[in-house]
Structures are given as structure tokens and as C-alpha cells.
Amino acid sequence: MEEAFDVLAKYARKEELEELPDDVATVIKQMQGIVHTGGRYEVVTEEGEDGTMEVVVYTLRRSRRLGTSKYPGWERTKKLAELKLDEKAQERVQELYEQISQRLA
């Protein structure tokens, strides 16, 4: 799911995002803004007990210290968004991810 959000943020068109739930589309648009300005973000996902997927997006900045991110030299600065995706929303994200992956291939 982390890779899906990353691909959507980098390659999804505006009309493709309209297929997603509003809260997911809003977060991806924010991630696109970060990408276009040269910034970085980190997507962390965790599967909930009830079949939901918890998605947290952090903004990152360069760090000389041991960072808090999975990316070396970067640390988390702010929690951009926290989403809980039900199974239907997960399917829609996955379908759009596969559609964009085919377009890029």
C-alpha cells in the first residue's frame, strides 16, 4: 500500500484522483504538492484488526543526525495525514495503482 500511495502521488492525474474517496484524494494532492516543490514524504501503513488499513503520511527534512525516517539522512517533521481505509477504499486505491502502473509500463 505504501508503494501505491507513492505511485499515485507521483503519477496520478487529477481526473484519476476523482475515483478515490475525498479524504484519500486530498492527501494524495498534498503529497503531489510536496513532490512538485522538491520535498519528501514518508508513507507508513499498518493493517488494523478489523480489516482496515491505517495510513500515516509524514513530511521529511534533511538531518545530519540519525533520522526518524526509514530514509537515511532524513527525519520526520510533521504528520501530514492519518487515514483509516476500509476494504472498499483499499480496493479503489489498489485498482488505480494497477491502472497507472500499466500506463507507465
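These legends describe close-up views of a predicted model.

**View 1. A patch of negative charge on the surface.**
Acidic side chains gather here. The members are Glu15, Glu18, Glu19, Glu47, Glu49, Asp50, Asp86, Glu87, Glu91, Glu95 and Glu98. Helix α4, residues 87-104, gives the largest share of the patch. That share is four residues.

**View 2. Glutamate 49 in the loop between β1 and β2.**
Strand β1 covers residues 40-47, and strand β2 covers 53-62. Glutamate 49 sits in the loop between them. Its relative accessibility is 87%. Glutamate 49 therefore counts as exposed, because the cut-off for that class is over 50%. Glu49 is also one of the residues in the negative patch.

**View 3. Glutamate 19 in the loop between α2 and α3.**
Helix α2 spans 14-17, and helix α3 spans residues 22-36. Glutamate 19 lies in the loop between these helices. At 38% relative accessibility, glutamate 19 counts as partly exposed. The value falls between the limits of 20% and 50%, which means neither buried nor exposed applies. Valine 93 is 74 residues away along the chain. The C-alpha atoms of glutamate 19 and valine 93 are 8.8 Å apart. Glu19, too, belongs to the negative patch.

**View 4. Glutamine 32 in helix α3.**
Glutamine 32 has a relative accessible area of 14%. This residue is buried, because the class takes values under 20%. A polar atom of the glutamine 32 side chain lies 3.0 Å from the backbone oxygen of alanine 12.

Definitions and conventions. Residues are numbered from 1 along each chain as its sequence is written. This is a predicted model: local features need pLDDT of at least 70, side-chain atom pairs count only at pLDDT 80 or more; totals for chains, interfaces and linings use all residues. Side-chain values use heavy atoms; hydrogens and water are left out. Patches are made of residues with over 30% relative accessible area and no salt bridge: like charges are joined within 9 Å, nonpolar side chains (Val, Leu, Ile, Met, Phe, Trp, Tyr) within 5 Å. Accessible areas come from the Shrake-Rupley method with a 1.4 Å probe; for residues, only the protein chains shown count as cover. A salt bridge is a side-chain nitrogen of Lys or Arg within 4 Å of a carboxyl oxygen of Asp or Glu. Lys and Arg count as positive and Asp and Glu as negative; His and the chain ends are not counted. The place of a charge is taken as NZ of Lys, CZ of Arg, CG of Asp or CD of Glu. Helices (H or I, at least four residues) and strands (E, at least two) are DSSP runs, numbered from the N terminus. Buried means under 20% relative accessible area, exposed over 50%, partly exposed in between (1.4 Å probe, protein chains only). A polar contact is a pair of N or O atoms within 3.5 Å; within protein, one must be able to donate a hydrogen and the other to accept it, and residues adjacent in sequence count only if both atoms are side-chain atoms.
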